[in-house]
Amino acid sequence: ASVAAARCHVDLPQAVLFKMDLNCRCYPAHLSHGSALKYTDLPRGATSEEQAVGPANLDCESTVQAST
């Protein structure tokens, strides 16, 4: 895998950190823990599950499409 990454000029440690950061933003633990919902179906802007109402309004959709 590292040979292919080198050929494509991909910094694997940086790519892993980017993906982990993206996942943290798309799937905040307090909203997604124990759930199989897609990030667009998660409650938006809530600090706790009790305050969560409505679909997610996260900036993940454009980032995910751009990175795939």
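**View 1. The aromatic pair.** The chain holds 1 aromatic pair, counted where ring centres of Phe, Tyr or Trp (its six-membered ring) lie within 6.5 Å. The rings of Tyr27 and Tyr39 have centres 5.9 Å apart and planes at 85°, so this pair is edge-to-face; planes over 60 degrees apart take that name, those under 30 count as stacked and the rest as tilted. Tyr27 sits in the loop between H2 and helix H3 (29-32), and Tyr39 in the loop between H3 and helix H4 (60-67), so the pair ties together parts 12 residues apart in sequence. Tyr39 is buried at 8% relative accessibility, whereas Tyr27 is partly exposed at 32%. Buried means under 20% relative accessible area, exposed over 50%, and partly exposed in between (1.4 Å probe, protein chains only).

This is a predicted model, in which local features need pLDDT of at least 70 and side-chain atom pairs pLDDT 80 or more, while totals for chains, interfaces and linings use all residues. Residues are numbered from 1 along each chain as its sequence is written, and side-chain values use heavy atoms, without hydrogens and water.

View 2. Side chains of opposite charge can pair when their charged atoms come close. The count here is 1 salt bridge, defined as a side-chain nitrogen of Lys or Arg within 4 Å of a carboxyl oxygen of Asp or Glu. Arg25 and Asp21 form it, at 3.3 Å from N to O. Both residues lie in helix H2, 4 residues apart, about one turn of the helix. Arg25 is partly exposed, with a relative accessible area of 36%, and Asp21 is also partly exposed, at 40%.

**View 3. A nonpolar surface patch.** Val16, Leu17 and Met20 make up a nonpolar patch on the surface, with about 300 Å² of accessible area together. Patch residues have over 30% relative accessible area and no salt bridge; nonpolar side chains (Val, Leu, Ile, Met, Phe, Trp, Tyr) are joined within 5 Å, like charges within 9 Å. Met20 lies in helix H2 (residues 12-26).

**View 4. The whole chain.** Helices (H or I, at least four residues) and strands (E, at least two) are DSSP runs, numbered from the N terminus. Of the 68 residues, 19% are buried. The accessible surface is about 5200 Å², of which 57% belongs to carbon and sulfur atoms; areas come from the Shrake-Rupley method with a 1.4 Å probe, and for residues only the protein chains shown count as cover.
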